[in-house]
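Subject: Model handover and findings

Hello,

Here is the model for your review. Please open it alongside these notes.

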Amino acid sequence: MNLLLRRKTEWDSWRKGLAGEKRVGRELRRLSGDGWLVLHSVPLPRKVDIDHLLIGPGGVFSINTKRHPDKDVWVGDDMVKVNHGKPQPYLRKSRAEARRVQRVLERYCDFEVPVTPVLVFVDIRHLDKVATLLDVRVYEERAVSALGPLTGVFQPEQVRQLYEAARRKAIWENA
């Protein structure tokens, strides 16, 4: 925060987001014993990144982290509102990110790679989501561990192949 003018800066927003991403990253690392592999801050063109990529027996999950300390969050089919404010494009962006990940990984693997978008909220007061939201998984940070028991999508050798492809920075350069 610019202390002289008491205005939030871009740096404050970035630092707040990073703190949330680190906390979700710790939760995701807890899944490694169940055959899951995690990549953090996967770089994409135009100085953007995928917060987390979770790869395991239950599939591939493109995880977008949002930190809204002590706020109420409402998630509908196509929008997110924080403290009843203006609609945020988090769901649309999460879906687009998952499609992007799928296109990239399928270029490097000889099998279909369904990618599920996940939106994780950190430090919020309350999360309310509509029951009809089926294509994006939405969690509070501690509940993201619900992905751990999922199985039946990939064999261990496919998980390794996906992870080895995804961890190569060069495959994301034209994503």
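The notes below cover some strands, one loop histidine and a few backbone angles.

Ground rules. This is a predicted model: local features need pLDDT of at least 70, side-chain atom pairs count only at pLDDT 80 or more, and totals for chains, interfaces and linings use all residues. Residues are numbered from 1 along each chain as its sequence is written, and side-chain values use heavy atoms, with hydrogens and water left out.

Strands. Helices (H or I, at least four residues) and strands (E, at least two) are DSSP runs, numbered from the N terminus. Two strands pair if DSSP finds at least two bridges between them. Strand β1 (residues 37–44) pairs with β2 in the antiparallel sense, over 7 bridges. Leu44 has Val48 in β2 as its bridge partner. The two strands, β1 and β2, form a hairpin with 3 residues between them. Arg46 sits in that turn, with a positive phi of about 65 degrees. β2 also pairs with β3, antiparallel, over 5 bridges. There, His52 stands opposite Ile63 in β3. A hairpin of 2 residues links β2 to β3.

Burial. Buried means under 20% relative accessible area, exposed over 50%, and partly exposed in between (1.4 Å probe, protein chains only). In β2, 7 of 9 residues are buried, so the strand is mostly covered. Ile50 lies in this strand, residues 48–56. Its relative accessible area is 0%, so Ile50 counts as buried. Contact means heavy atoms within 4.5 Å. Ile50 and Ser94 are 44 residues apart in sequence, yet 9.5 Å apart in space, C-alpha to C-alpha.

The histidine. His68 is in the loop between β3 (59–67) and β4 (72–75). At 14% relative accessible area, His68 is buried. Its side chain makes a polar contact of 2.9 Å with that of Tyr90. A polar contact is a pair of N or O atoms within 3.5 Å; within protein, one must be able to donate a hydrogen and the other to accept it, and residues adjacent in sequence count only if both atoms are side-chain atoms. Outside four places in sequence, the contacts of His68 include Val82, Phe121 and Asp123.

Backbone angles. Asp123 is in the loop between β6 (115–122) and β7 (126–129). Asp123 is not a glycine, but has a positive phi of about 65 degrees. Asp70, in the loop between β3 and β4, has a positive phi of about 55 degrees and is not a glycine either.

Best regards
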